[in-house]
2 protein chains.
Amino acid sequence: MRDFTRDHSALALNTATLGHNLDGAGAGWSPERVIDACAERGYGGIVFWRREIGNRAVELGNRVRASGMSVVGLCRTPYLVGSEVPADLAGDLAASIEMAASLGAPVLTIVTGGTEPGTKGVIETQNRLAEHVAAAAPLAAAAGVSLALEPLNPMFGGNRTCLFTVADALRVCDLVGAPNVGIAVDVYHVWWDRTLPEALRAARGRVLGYHLCDWLENTRHMLLDRGMVGDGVADLRAIRRAVEDDGGYRGPCEVEVFSAENWWKRDPAEVLDTIVARFRQLC
Amino acid sequence: MRDFTRDHSALALNTATLGHNLDGAGAGWSPERVIDACAERGYGGIVFWRREIGNRAVELGNRVRASGMSVVGLCRTPYLVGSEVPADLAGDLAASIEMAASLGAPVLTIVTGGTEPGTKGVIETQNRLAEHVAAAAPLAAAAGVSLALEPLNPMFGGNRTCLFTVADALRVCDLVGAPNVGIAVDVYHVWWDRTLPEALRAARGRVLGYHLCDWLENTRHMLLDRGMVGDGVADLRAIRRAVEDDGGYRGPCEVEVFSAENWWKRDPAEVLDTIVARFRQLC
């Protein structure tokens with residue numbers, strides 16, 4: 001397990017921490033201002049959301065690299081299963097892959113979407129998901145992009161995901177069997193899972209991302225009340241130990257805090273400073 | 001797996017389905033009216049909440065039995081761990097056991113409470129929970145009451161539970177090692193868990209209750225937006241098959257639907273009729 005107490009070069013900002021995943025949320029900093037503020041503070045990289053990139057992927061990717069950082073990833077593909085799959089799934093999926101490639105983002109995150117219409121339970125939807133991912137994997141590979149299946153907290157079943165654990169995500173990875181398909185591990189979604197070390201041993205070498213936040217003792221909103229690292233009940237050190245020592249992950253650690261009523265209301269400069277201090281001390 | 005299509009004698013009402021778990025919710029029927037309405041419809045039993053029993057446990061238990069039904073269980077002990085443990089835990093716990101005994105309820109449900117103050121993660125709280133349950137088990141056994149540890153959906157971590165899966169509950173059962181301590185399985189909490197059959201095989205013979213509801217595709221409130229059986233995405237037949245064929249359960253199936261904006265607003269007679277029809281057809 002790496003020691004970050006005096007080195008936060010592995011730290012990345014997921015811009016959702018500044019509200020950039022939703023229209024109208026946060027302080028509304030431009031991507032350029034975020035890039036500069038992260039670079040000043042020694043962040044190693046940034047993860048963007050598609051909605052803030054527009055048609056400036058090449059330009060913004062180059063700006064990140066010119067600032068001495070890397071584009072760590074892009075959020076995210078459209079839903080691939082469930083009731084909210086876009087009408088032009090193939091086109092939207094290809095656009096997300098192309099944007100990741102243009103940014104120079106090595107990883108594109110997949111939040112799968114929910115239960116397939118007309119089905120019950122989990123397995124059938126997971127199997128259909130695997131078919132979609134298998135179809136997309138060669139296109140992504142040709143663009144130099146890996147696809148990261150992110151399991152979500154089981155509260156997001158029904159309309160948002162069909163992957164509830166690292167073991168679920170690994171099952172779909174195994175069904176797909178493509179070298180550029182792996183898993184993203186997010187504290188918010190997996191902190192409760194006592195079997196995480198063994199699940200990550202099975203997924204060793206296929207962990208493509210590690211997302212940091214915390215689970216607040218009193219979570220007031222399912223989606224938008226994540227805790228800043230250190231403010232909750234997740235055992236952050238134990239989780240990272242499992243991600244690194246069991247899962248073999250050595251990549252960036254991105255802080256991703258959806259927090260409509262707290263951190264999104266603060267000055268982004270304060271948020272970015274807090275993250276650096278907490279990352280070194282607590283993660 | 002039992003066939004309920006022409007026999008709903010295994011059906012029990014959990015009175016939370018009529019809002020009786022919360023002050024001011026539901027139509028406000030008296031326990032007597034609920035008992036009569038269930039008996040008229042051929043329900044096999046009822047599960048009560050402490051708040052509606054007051055000091056009438058013996059009287060109400062007798063009334064249930066005089067109506068040809070059984071008291072299936074009582075909800076629930078105080079929280080045993082976490083920040084919201086009552087000041088007089090021992091007294092409150094003893095009172096809940098005594099009420100179950102006076103009702104003639106063979107099972108008292110435990111919702112554990114959340115993460116212990118000053119700790120992170122899951123294991124330490126589970127271990128402390130096991131100590132509390134081990135201390136309470138002899139008192140319950142002397143009263144003829146079994147204690148059912150109920151794992152909750154991981155969205156209830158932090159302030160409400162430290163048990164997230166059947167496997168978690170079984171871990172604590174094993175730590176306790178008392179013959180009157182087992183597990184309750186609730187569709188709302190476990191529907192997403194692909195490993196349920198194997199978890200229930202490990203728990204075989206220790207399943208003390210099966211709670212029916214459904215997981216709505218679009219869940220609008222963490223606690224109070226459960227679906228009526230058949231309205232959601234849970235594979236109810238597959239779950240009951242696991243509970244019965246893998247877990248060895250042959251007891252009552254209680255319908256427990258917390259539904260502030262839908263079923264609690266309807267005429268309880270309609271709710272009770274709907275349950276009978278859905279139970280025979282879909283569960």
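Which residue follows α6(B) with a positive phi?

What we have here is a predicted model, where local features need pLDDT of at least 70, side-chain atom pairs count only at pLDDT 80 or more, and totals for chains, interfaces and linings use all residues. Residues are numbered from 1 along each chain as its sequence is written, chains are lettered from A and ligands numbered from 1 in the order in which they are written, and side-chain values use heavy atoms, with hydrogens and water left out.

Now back to the opening question. The residue is Gly177(B), and its phi is near 65 degrees. By buried I mean under 20% relative accessible area, with exposed over 50% and partly exposed in between, using a 1.4 Å probe and protein chains only.

Let's move to chain A and its fold. UniProt, in an unreviewed entry, lists residues 35-268 of chain A as "domain: Xylose isomerase-like TIM barrel". The positions are in the numbering used here, the feature name is shortened, and such annotations may be inferred rather than shown by experiment. Over that stretch the chain is 38% helix and 15% strand, and its end C-alpha atoms are 12 Å apart.

In the model, eight strands of chain A, β1 through β8 in order, form a closed barrel with parallel pairing. Neighbouring strands are turned by 30 degrees against each other on average, direction ignored. Two strands count as paired if DSSP finds at least two bridges between them.

Strand β5 (residues 146-149) and strand β6 (residues 181-186) of chain A run parallel and are joined by three bridges, and Ala148(A) stands opposite Gly182(A) in β6(A). Helix α5 (residues 123-142) of chain A packs on the sheet here, touching β4, β5 and β6, and its direction makes about 155 degrees with that of β5(A). For the angles, axes are lines fitted to C-alpha atoms, for helices over the stretch in contact, and values run from 0 to 180 degrees between N-to-C directions.

Next along, four bridges join β6(A) to β7(A), again parallel, with Gly209(A) in β7(A) as the bridge partner of Ala184(A). From β7(A), three bridges lead in the parallel sense to β8 (residues 253-255) of chain A, where Glu254(A) is the bridge partner of His211(A). Five of the six residues of β7(A) are buried.

At 0% relative accessibility, Met228(A) counts as buried. Its contacts, meaning heavy atoms within 4.5 Å, include Asp214(A), Val257(A) and Trp263(A).

Trp215(A) is found in the loop between β7 and α9 of chain A, and at 0% relative accessibility it counts as buried too. Which residues does Trp215(A) touch? Among them are Asn153(A), Tyr188(A) and Trp191(A), and from the other chain Pro154(B), Met155(B), Gly157(B) and Gly158(B).

That brings us to the two chains together. A rotation of 180 degrees with 0.0 Å of shift along its axis superposes chain B on chain A, at an RMSD of 0.0 Å. That is the relation of a two-fold axis. In chain B, the C-alpha nearest the axis belongs to Met155(B), 2.7 Å from it. The superposition is by least squares on the C-alpha atoms of residues with pLDDT of at least 70 in both copies.

The contact takes 33 residues from chain B and 33 residues from chain A. About 2,700 Å² is buried between them, with carbon and sulfur atoms giving 57%; that is the accessible area (1.4 Å probe) that two parts lose on being put together, summed over both. Lys120(B), Trp192(B) and Arg194(B) lose the most area in chain B, together 25% of what that side buries.

Finally, Asp168(A), in helix α6 (residues 166-176) of chain A, is in contact with Arg194(B), as well as Gln126(A), Cys162(A) and Leu163(A).

Notes
Helix = DSSP H or I, 4+ residues; strand = E, 2+ residues; numbered from the N terminus. Lists of a residue's contacts leave out its neighbours within four places in sequence.
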